[in-house]
Amino acid sequence: MKKRILSRTIACALAASLCIAQASATYYASPKVDAENPFGLFVFSETITRNGKVRYPTGFEKLVSYTHRAGSLVDISSTYNTFEDLYSAFSAPEENEKLAALKHYKSLEDEGTAVFTNKSHLAMMIGANPSGDITLENQLVVSGRKAQLGIDDVNEKITLNLQGGIKVTDDGTLVIMNDQTAQDLRNMNLEIVLGDSIVVEDGGSLLLQSVDTLYSVNEGVGGMPTARNTIVAPEGKPAIVVDDGTVNVSHQTFERADGDTSNEPLIQVKSGEVSFEPSAPQSSETGLPEFSNGHSGLVSEQFNFELDNGDSTAPAISVEEDASVTIKTGDFSSENGTIFDLADGATLNLEGGTISNTGDKPAIHADSGATVILPEDPNAIQITTSNENGQAIDLAGGSKVQKGDTTITVGADGDSYVDNDGSIILGAGSSVTDPNGTTELPNGGSVDQDGDVTQNALPAESISLNQTSVTLYSNTTPNTVQLIADVTPDNTTDSVAWSSDNEAVATVNESGLVTAVSNGSATITATAGNVSAACTVTVTTYTSGGGSSDDDSDPTYSVTLPKNVKGGEVKTSHRYAEQGNTVTITVDPDKGYELDELTVTDSKGKELDLTDKGNGKYTFKMPGTRVEVEVSFKLIETEPEAPAFADVPASAYYADAVAWAVEQGITSGTSATTFSPDMSCTRAQIVTFLWRANGSPKADGANPFTDVSADAYYYDAVLWAVKEGITSGTSATTFSPDATVTRGQTVTFLYRAAGAPAVSGGGFADVAADAYYADAVAWAVKEGITSGTGATTFSPDAACTRGQIVTFMYRGVQ
């Protein structure tokens, strides 16, 4: 029987007022395609303007401006008979005779440069259903560019056979999404049958959404979606392999080929990030789905996401070390197989939706070292299973569950899991850490939906006292002795209860302090659970000869404790002891403190030997004189933790650089919880970063800049940078501290700070040999600080972000 995993992923932000039919954004112009030439190559994501050279019959030439609008055919002739021809034009436009003729001229004397290259943003759209199969034998590669693949206004299913699979890499973005212009195209469906996997590599981004706009037709606010696009996995391989790239998925179907019983997952996340998103409208400017804009709203249940795992027993989605998957919404269900399998170091972020397994396996398995993040609102998500114990999420020892500011570390012993009600059942050795501290669960326990922790009972096995008999005096002060109970195991949940069988002779308080009342004998009992221990107390009258009126016992000597101890508590087993008795000292530091010094001296000032018995207990032999105990505690010194920035995911290329910059004091973020890695950096900020990285030397010399005040945070940094020849300002009297620093300026500052070493080479089309930053760019590439924004571009005039700058600096010191 097939094991189906169905997710109705909530889709499309539609305002509550939109209860009538809504047309699409109509991103693509009507293509000049037909059944004979059904494939069109379109301009995608950005409009291109070029100067074309026109020659009149008279021989007169002039430059004429042409606009290739985003959403229009690249050229009236850019329709093709086969998908092979379409992909050939997409992958190498400069080698296509017609497309290569589309040139841009700077002047009439200019030879012109090709407008469309293998880095141009283009869309491969199917505008009619051809009579034969649609097949591409080679691998479809998207690198260093934005691209779209889909159907344009065809209200039926079209199958595309990609025998070589797909690779998205090196700053490439591929959107697999159809475009509709008519009101009712709900049968539009692109089925992609893979002969090899879709691989999303470092820097690659894959966006899967079946259609550009979902619309409302007599279905309430939610509307009626088109059919889902379908991706059929290659036999024996995953449909998608994410290898340090990013993938956004919405309103899709993934399925195995008929008869494929492979143990490979449908989606394998080796590294990088995958997010299952609400459907989002297409930007009229970029052509990309706007997942990040927070679109949400009332939607139809027909917007869904489906995984058909066939007869395979493999997990539908495997998440490996350092990879992460986010579920923002949806309804995932399975009849048998585990849906998510998390390896050591993997992260699953559950923000909402429903995940259920109607079979005997958990919906989610988290291996040791994996992290499952649950929403703080227990109603935001529901995770269930039909197995006997209701183990919806299976938690291996060493895995973690994070819920708000609470982190749960799973112990190695016993079964640990999240049950159908959202309670977290924990085995022995687990712990729960929140802002109030850490609660150890030596025998296991549970955390309910509200975050309340319950510890499982750990019965006491045995108990003993530091003394089994003792003599006290009714006429001395103090007339007490401290009994100490040693209970095993030391982490038992049973507390010790104290009692006296004759309180007319001696009493005992809740901490074991025995006080003499009158002459006689009493038995003091300490009880923990089902075990107990006793001490016989004899109370008599003390005489000056060291004896008593009715006892010839040996003389006792006082044990004096210090007063007003800061940072902890100290107590002893005896307040009086005979010579040769073993006295136990117990020290208990306050939270954040530790024992500094502990000494015991006799009446002549001689320091006695102490034996460390562990767990804060020390013993000494009582001499034949009184003794004094001295103790001091000190604060535990801890290294301050670097702030955890919410906008710096652990998998981001700049994560290590940000941590290094904060640790070195180069920057501390834009707030306590944000670093703003994508924010443009100013000239003042970058020279300040460099100045701090070089030890923040005191500035000297005159300030030539009228826009740099002496009280500005960057004053010393600017003067230092000028003195070191790193920059000379934007003019003789201005530095322009608030101007955005460019990539060219950034590598130049770094290059000069490194001493401007001799360098040769180049290779970027947009870096002229005589540019002031040319040597700096060559040096930065040679040193591995940056590799440019594309194979042939460096983008020297592009703004440099905070994340890029600290990464450049970090790589420079490695």
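Reply: A word on terms before we start: helices (H or I, at least four residues) and strands (E, at least two) are DSSP runs, numbered from the N terminus. With that in hand, α7 is followed by glycine 784, whose phi is positive, near 75°. This is a predicted model, where local features need pLDDT of at least 70, side-chain atom pairs count only at pLDDT 80 or more, and totals for chains, interfaces and linings use all residues. Residues are numbered from 1 along each chain as its sequence is written, and side-chain values use heavy atoms, leaving out hydrogens and water.

Me: Which residues of α7 are buried?
Reply: Ala774, Ala776, Val777, Ala778, Trp779 and Ala780 are buried in α7, where buried means under 20% relative accessible area, exposed over 50%, and partly exposed in between (1.4 Å probe, protein chains only). What covers these buried residues includes α6.

Me: And at what angle do α6 and α7 pack?
Reply: Helix α6 (residues 743-753) packs against helix α7 (residues 774-782) at an angle of about 75°, with the axes 8 Å apart. That makes the two helices roughly perpendicular, a label for angles of 65 to 115 degrees, while under 35 counts as roughly parallel, over 145 as roughly antiparallel and the rest as oblique. Axes here are lines fitted to C-alpha atoms, for helices over the stretch in contact, and angles run from 0 to 180 degrees between N-to-C directions.

Me: Which residues make that contact?
Reply: From α6 there are Val747, Thr748, Leu750 and Tyr751, and from α7 there are Asp775, Ala776, Val777, Trp779 and Ala780, with contact meaning heavy atoms within 4.5 Å.

Me: Switching topic, where is threonine 682 found, and is it buried or exposed?
Reply: Threonine 682 is found in the loop between α3 (655-663) and α4 (683-693), and it counts as buried because its relative accessible area is 17%. Leaving aside neighbours within four places in sequence, threonine 682 is in contact with Pro737, Asp738, Ala739, Thr740 and Val741.

Me: What about lysine 167, which strand is it found in?
Reply: Lysine 167 is found in strand β13 (residues 166-169), and at 25% relative accessibility it counts as partly exposed. Beyond its neighbours within four places in sequence, its contacts include Gln139, Leu140 and Glu201.

Me: Last one: in which sense do β30 and β33 pair?
Reply: Strand β30 and strand β33 (residues 400-403) pair in the parallel sense over four bridges, two strands being paired if DSSP finds at least two bridges between them. In β33, lysine 400 is the bridge partner of threonine 371.
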